Amino acid sequence: MGHTSLEKIIALQKKTPHIRNLCILAHVDHGKTTLADCLVASNGIISSRLAGKVSGPTENYQLLKANNSLKMFSFIIFFYYCIHQFAEMYSQKMGIRSSVLLKTLWGDFYLNAKAKKIMKGAQSKGKKPLFVQLVLDNIWSMYDAVVTRRDKEKVEKMVTSLGLKVMSRDLRHSDPKVLLSAICSQWLPVSQAVLSMVCEKLPSPAEISAERVEKLMSVGARRFDSLPEQTQELKKAFLDCSADETAPVIVFVSKMFAVDSKALPQNKQRPLTQEEIAQRREQARQRHAERQAANQSAESPGSADTGGASTTVAPASGTEALSVKTAVEEDNKEHFVAFARVYSGVLRKGQKVFVLGPKYDPSLALRLPEGCSAADVLPSVPHMACCTVDSLYLLMGRELEELDEVPTGNVLGIGGMEEFILKSATISTSPSCPPFTPLNFEATPIVRVAVEPKHPSEMPKLVRGMRLLNQADPCAEVLIQETGEHVLVTAGEVHLQRCLDDLRERFAKIEISASKPIIPFRETVIRPPKVDMVNEDMGKQQKVAVIHQVKEEQTKYPEGVQVDSTGLVTLTTPNKMATVGVRAIPLPEEVTRLLEDNVELIRTMEQFSLFAWEDKTLDINQKILENIQEFKVKLESNLQGRKWRGAVERIWAFGPRRCGPNILLNSVEGYRRPSVWQCLEREKETEKAEIRDFDNSIASGFQLATLSGPMCEEPLMGVCFSVETWDMKLSAPLAQQDSIDEDSQTAEPNIDNQNESSDTHETNASSASSNRSRSGAEATGSSVDCYGPFSGQLIAAMKEACRYAFQAKPQRLMAAMYTCEIMATAEVLGRVYAVLSKREGRVLQEEMKEGTDMFIIKAVLPVAESFGFADEIRKRTSGLASPQLVFSHWEVISSDPFWVPTTEEEYLHFGEKADSSNQALKYMNAVRRRKGLYVEEKIVEHAEKQRTLSKNK
């Protein structure tokens, strides 16, 4: 097929019922590029001989059956056929209707040669199925003649009977697969079969379902019927998919991708006309003549005119050099193009539109004048911007073709949006349009590095480059920490290397230094173990040793801290005016997972509590309330037992950042505070619960404690802190004044969680609140003693009590884990297992892929051990195994980082100095060393023998 003209494509774009949007999704090296190349080559964009040559796929055959339409493809030999082709072929030869063959070619049918009928029951009668007899046997005979036997006479006969034209160079080629590819690409072309299947089976944009429209318009947990009436009316525009002038424009931008300025159509060199060529030739002659005249005047003996000429030329040449340098910099500049799809209306170049961010609330449009447009002067609305569409592009592989307008149903590129869109957005002419549901990526950013320029003067270039990288890569995150470090967060080692290369070569274009990868950990507590480090039951000797160890630790606690045998920590504030008693309890694994999965619901509950604190109301739709009720029921079902009785109703707060996987429990006798579930109880008549003074100080101390644990200042996970006692001995004026200062700041910790900055800057809202409370108290002067404001003392006391309660229980580190999927042959399975065990990996499943000699191994691997894993496994297996890593979950490291041998068995097994390395201790010390914390380690490990530096004489 020849190259399709741009005018014809523009005409085709207007036929919405004929449009099919196709996504090719497959595993690594499973033929995505080959299939895409074959489709693109059928349109003349690339050479059909180069289709799929860049990356070699590994799949041989795959069968797909949908609605009695069978497809089969092999990307190694480049053929792909539809069962319709064989039905038409054999209906003419056998005299059987094609409709009958379509029903019987796939199934338990066979051909009775004597009766010349298609019968059922091929498997029971031991007959070849019709599909094998008429389809697979013919394909195999072709393969056998070309590849296995290399029978030239039979090949020529088959080519002639099929009416194909094969070039002589393909017939003479030494590689038989080249000939096979040439035959099959004409006999069973991939493009025709795929395009016919796409046209028959995939719906057009005009056939979008009402259910899908409602799902697209409902962001997060919001329900469609809870959206404003003007927003719900836009559903009709989605369903109509109309390109009329009156239809509102609705466009979804899924990502931003960077292109070189030279690739933009307006910067491409166009072919010159004959007049322009003649004009440029004349200009070149004139310049040449002027240059010769200048040289002759320079050679003549000193004349005044020569000196004057030389003085006038110099500035001109300098200006020209400066302009050339500016032009080069402009050419090297990266431009961003928004990858988008039109769902309604016609998007035109130069049109004024609203750009709606992912957090835009369509109910805010009710404040705007009715019938307003993006061209009007409007008040500022959060997460909404007005802009002019700069340019529209047709995406033709790597090429961009400029367009004036794009009707509904089409995919396009939009230029000039980099100032308004970070990663994804919704574009519309109606401010009532809701933002689309953002894209979810399986690859969670988990690996982070600190980045800095080698030359400090180039810091502005680094900042700009990281901003561009953040915009171009949907899976990368860029943070600026409180310490001022610029941090890059990526999904893994390969992704990290790609991002750093892009930063050096494309976006910042400077030399940069990156720190060693920063691996996140979590801290938790567990139940007292029943077996020791050698997997034996803990006997009396070890229990006595543990009791002595607890007594020794008790003497280390500072004044005012008491820890009893059950783990209850009682701590008094420095001014002796308040005492808190806290106990740490490990949460069941199911509860921790449940809290992680329902972060958005917890944020909604916290926001409702904030509004209720300020005597305001927050409307929550019924669907979210149902989800919160379901979340509560699941929590109650997972928190069973005597110690968890009524615990769900007594939840004080979640942390860290008021939505994390840790719980603060109210076990103070006689104190009944407002429930975190009050959004579910607003319709019930419940007695008003009163909040004690300094309630927020207790919650703030808990938030600080869960944000950085005592082991290595990493966040806590799966820990419940139960406040058992809380006594205060405050004078009335002091309590009243400090309470007023605190209440005025109560709303602050939650506000930061709603801002985008809370996600990108790792700030702690609770500490900010306590600082503000402290500054307010100091200003009054009446609530401050020599130890500072009482609210600040209580926050610090609660934080320290939580930390001591945490340390009173068996502490463990939690490591981030990758799910690792490895494809390998049987010969290298042992080497794969050796690399996995060396890196603390664990095999979960091993199965053989049908029809191949490949094994699929599923394992889990700590993120901390994954660096260099892919390279090592390829080297050890000579490239016969390749892993794919995706972040999965957090897992408790079983070894105790503070363990020392105590029993005889442990001394015999591990040696007097515990010679085998403690993995958890290694991780903990590495994190503490990186953060500048104290690390308890021996400078001299082995000093039994004296070493002399002098030579023996």
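Axes here are lines fitted to C-alpha atoms, for helices over the stretch in contact, and angles run from 0 to 180 degrees between N-to-C directions. The legends below describe a predicted model.

Figure 1. The chain has 953 residues, and 43% of them count as buried. Take the contacts between residues at least 6 apart in sequence: 72% of these join residues at least 24 apart.

**Figure 2. Helix α15 packs against helix α16.** Helix α15 covers residues 459–472, and helix α16 covers residues 493–507. Their axes lie 10 Å apart, at an angle of about 120 degrees. Angles of 65 to 115 degrees count as roughly perpendicular, and α15 and α16 are therefore oblique to each other. The crossing of α15 and α16 is right-handed. On the α15 side, the contact is made by Leu462, Arg464, Gly465, Met466, Leu468, Leu469 and Ala472. On the α16 side, Cys499, Asp502, Leu503 and Phe507 take part. By class, this contact of α15 with α16 has eight nonpolar residues, one polar residue and two charged residues.

**Figure 3. Helix α19 packs against helix α20.** Helix α19 spans residues 599–613, and helix α20 spans residues 622–638. The angle is about 110 degrees, with the axes 10 Å apart. That makes α19 roughly perpendicular to α20. Leu601, Ile602, Thr604 and Met605 of α19 make the contact with Ile624, Asn627, Ile628 and Phe631 of α20. Six residues of the contact of α19 with α20 are nonpolar and two are polar. None is charged.

**Figure 4. Serine 218 is in a loop between two helices.** Helix α10 (210–217) lies on one side of this loop in the chain and helix α11 (229–233) on the other. Serine 218 has 12% relative accessibility and counts as buried, because buried means under 20%. Leaving aside neighbours within four places in sequence, serine 218 is in contact with Arg223, Phe224 and Thr437. Proline 434 is 216 residues away from serine 218 along the chain. The C-alpha atoms of serine 218 and proline 434 are separated by 7.7 Å.

**Figure 5. Two cysteines in a structure with zero disulfides.** Cysteine 23 has a relative accessible area of 62% and is exposed. Cysteine 199 has a relative accessible area of 46% and is partly exposed. The cut-off for exposed is over 50%. The structure holds zero disulfides.

How values were computed
Residues are numbered from 1 along each chain as its sequence is written. This is a predicted model: local features need pLDDT of at least 70, side-chain atom pairs count only at pLDDT 80 or more; totals for chains, interfaces and linings use all residues. Side-chain values use heavy atoms; hydrogens and water are left out. Helices (H or I, at least four residues) and strands (E, at least two) are DSSP runs, numbered from the N terminus. Angles under 35 degrees count as roughly parallel, over 145 as roughly antiparallel, 65 to 115 as roughly perpendicular and the rest as oblique. A crossing is left-handed if the near helix is turned anticlockwise from the far one by less than a right angle, and right-handed if clockwise. Contact means heavy atoms within 4.5 Å. Ala, Val, Leu, Ile, Met, Phe, Trp, Tyr, Cys and Pro count as nonpolar, Asp, Glu, Lys and Arg as charged, and the others, Gly among them, as polar. A disulfide is a pair of cysteine sulfur atoms within 2.5 Å. Buried means under 20% relative accessible area, exposed over 50%, partly exposed in between (1.4 Å probe, protein chains only).
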